[in-house]
Amino acid sequence: MPDAQLFFYATPFNTVLWRVLAITPTHSYEGFYSLLDQGHHIPLTATQRGQEYLQRWASVPAVQAMQRFTQGPIRMELRDGRVLLTDLRMGHEPHYSFVFDLGTPAQLDAGQTQPHKVSAVLSSGLDLAGMVDRMLGRDLRAPAATAHP
């Protein structure tokens, strides 16, 4: 991934398990590396970033502000008729701390957006037992995930 921005974050409550985030124009790639892993290979899972939405609504002030603030790791998606803007730096797929509802596509197209933070239930995404297992070097990838070497 020569065109990817790379980010590394310690996972909650430790500095043994690290989250790796690669950002390309179209996708984010997420993986986890434990200092106790036997090898250096980090399997990555790909998620679309909503590039068509990011381009379509690039002039929306909330999108511009999030781009400046994060320096790149964001995602836009359409869910239940609402446009959501997510900061990919804090949390992990699919549980993020900062998700903003920008309104409907029609509202964004008309320049009538009133962004508000979507409530995050952080505990639902925090699997402490799984985090400890992964920290100890065990591979816990979900079988349905799209893995990239």
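Two strands pair if DSSP finds at least two bridges between them; strands (E, at least two residues) and helices (H or I, at least four) are DSSP runs, numbered from the N terminus. In β7, F98 is the bridge partner of D87. This is a predicted model, in which local features need pLDDT of at least 70, side-chain atom pairs count only at pLDDT 80 or more, and totals for chains, interfaces and linings use all residues. Residues are numbered from 1 along each chain as its sequence is written, and side-chain values use heavy atoms, with hydrogens and water left out.

**Sheet**
- Four strands form an open sheet in the order β5-β6-β7-β8, with antiparallel pairing.
- β5 (74-79) and β8 (116-117) are the edge strands, each pairing on one side only.
- Seven bridges join β6 (residues 82-92) to β7 (residues 95-103) in the antiparallel sense.

**Salt bridges**
- The structure holds seven salt bridges (a side-chain nitrogen of Lys or Arg within 4 Å of a carboxyl oxygen of Asp or Glu).
- One of them links E30 with R19, with the closest N and O atoms 2.6 Å apart.
- E30 lies in β3 (residues 27-34) and R19 in β2 (residues 17-23), so this pair ties together parts 11 residues apart in sequence.
- R56 and D109 also meet in a salt bridge (2.6 Å, N to O).
- R56 belongs to helix α1 (residues 51-56) and D109 to helix α3 (residues 105-109), so the pair ties together parts 53 residues apart in sequence.
- R75, E77, R79 and E93 are linked in a network of salt bridges.

**Burial**
- R19 is buried, with a relative accessible area of 3% (buried means under 20%, exposed over 50%, partly exposed in between, with a 1.4 Å probe and protein chains only).
- R56 is partly exposed at 45%.
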